[in-house]
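Thanks, everyone. I'll take the salt bridges first, then the sheet and its helices. Have a look at the structure.

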Amino acid sequence: MSASRLRRVAVLVLEGAKPLDVGIPAQVFTTRASMPYEVRLCGAAPGLVSGGDGLSYHVAHGLEALAWADLVFIPGYRFPDREDPPRAVVEALVAAHGRGTRLAAISTGAFALAATGLLDGRRATTHWHYTRALAAKHPLVRVDENVLFVDEGRVLTSAGAASGIDLCLHILRGDLGVAASNHAARRLVAAPYRSGGQAQYVPRSVPEPLGERFAATREWVLHRLDEPLTLDVLASQAAVSPRTFSRRFVEETGYTPMQWVMRARIDMARELLERSERSVEQIATDVGLGTGANLRMHFQRILGTTPSEYRRTFTRGE
């Protein structure tokens, strides 16, 4: 997708809205020269909206902003399992979706999205504390509690508040490419999202700051993708046996070590295709895949497109 077109983002602030959930999309997509987005905060009506955790919000726009937007974020809010949002809100979300607008729920915002019926028969996630409540209240929704976010095309959901960052970076990658997403991640001091373009996978191929034994090993790998990287090499760097490394790596990331390395290589190739004029053969060498034919094969398998076509999506005009 070309970066030249201005994209319109509405953040729908409901009663009891959680401050972090509101702030994440507002900050990630904030209007700036490097980001072709315009952001509007809205509510069921313009004016003061009582939020959660002692904060309130003054929104300048009502539900007309949903008709204006290309992308609508629904931040989480307090007590989502008690009652649905006002009917006018639900109807406005359904109408926006019918016009082709993407709807993205952060945390318990999934309850508002589920109230529209648009999640029926689809996978979705929400904050871990509310996954059972979401499944009970909306039994037609296929609730997945083991992922950070779910992309079902024009309806997207994420887990707890911090996972909203992962969801926003995922959307940025689709709109503007890996380079823009990584730039935004650096600005936020967040881990870049490197899932290899597979929306159904948990985006964990970059080190988490805390709580993962092999985060340092993954960081080490990311700086050596052009080198031969085998299971034995990675296990040796982590100072454990290959068998132990494989088992615990899958537990931490959802990938085998070699699957993770391949996706990291493809992600690096994506960024080089976006921001450089290096040939496919040169990029294949840069990312440790050896030949252009090898890069093309894995690119097609993982992303469903070719390196040349991928590059054209970020160079052609609207």
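Start in helix α14, residues 307–313: Arg312 and Glu309 both sit there, three residues apart, about one turn of the helix. Their side chains meet in a salt bridge, 2.8 Å from N to O. Arg312 is partly exposed at 41% relative accessibility. Glu309 is partly exposed too, at 26%. Keep in mind that this is a predicted model.

Salt bridges that share partners also join Arg7, Arg102 and Asp175 into one network. Take one pair from it. Arg102 and Asp175 form a salt bridge, with the closest N and O atoms 3.2 Å apart. That pair links distant parts of the chain: Arg102 is in strand β6, Asp175 in helix α6, and 73 residues separate them. Is Asp175 buried or exposed? Buried, because its relative accessible area is 2%, and the cut-off for buried is under 20%.

One more pair: Asp286 and Arg278, 2.6 Å from N to O. The whole structure has 12 salt bridges.

Now the sheet. It is open, with six strands in the order β2-β1-β5-β6-β10-β9 and mixed pairing. The edge strands are β2 and β9, each pairing on one side only. β9 runs antiparallel to β10, joined by three bridges. Helix α6, residues 163–176, packs on this sheet and touches β1, β2, β5, β6, β9 and β10. Helix α3 lies across β1, β5, β6 and β10, at about 130° to β6.

Last, helix α11, with 19 residues. Of these, 15 are buried, so α11 is largely enclosed by the rest of the structure.

How values were computed: Residues numbered from 1 in each chain as written. Predicted model: local features only at pLDDT ≥ 70, side-chain atom pairs only at ≥ 80, totals over all residues. Heavy atoms only, no water. Pairing = 2+ DSSP bridges. Helix = DSSP H or I, 4+ residues; strand = E, 2+ residues; numbered from the N terminus. Contact = heavy atoms within 4.5 Å. Axes fitted to C-alpha atoms, helices over the stretch in contact; angles between N-to-C directions. Expected span 1.5 Å × (residues − 1). Buried < 20%, exposed > 50% of the residue type's maximum accessible area, 1.4 Å probe, protein only. Salt bridge = Lys/Arg side-chain N within 4 Å of Asp/Glu carboxyl O.
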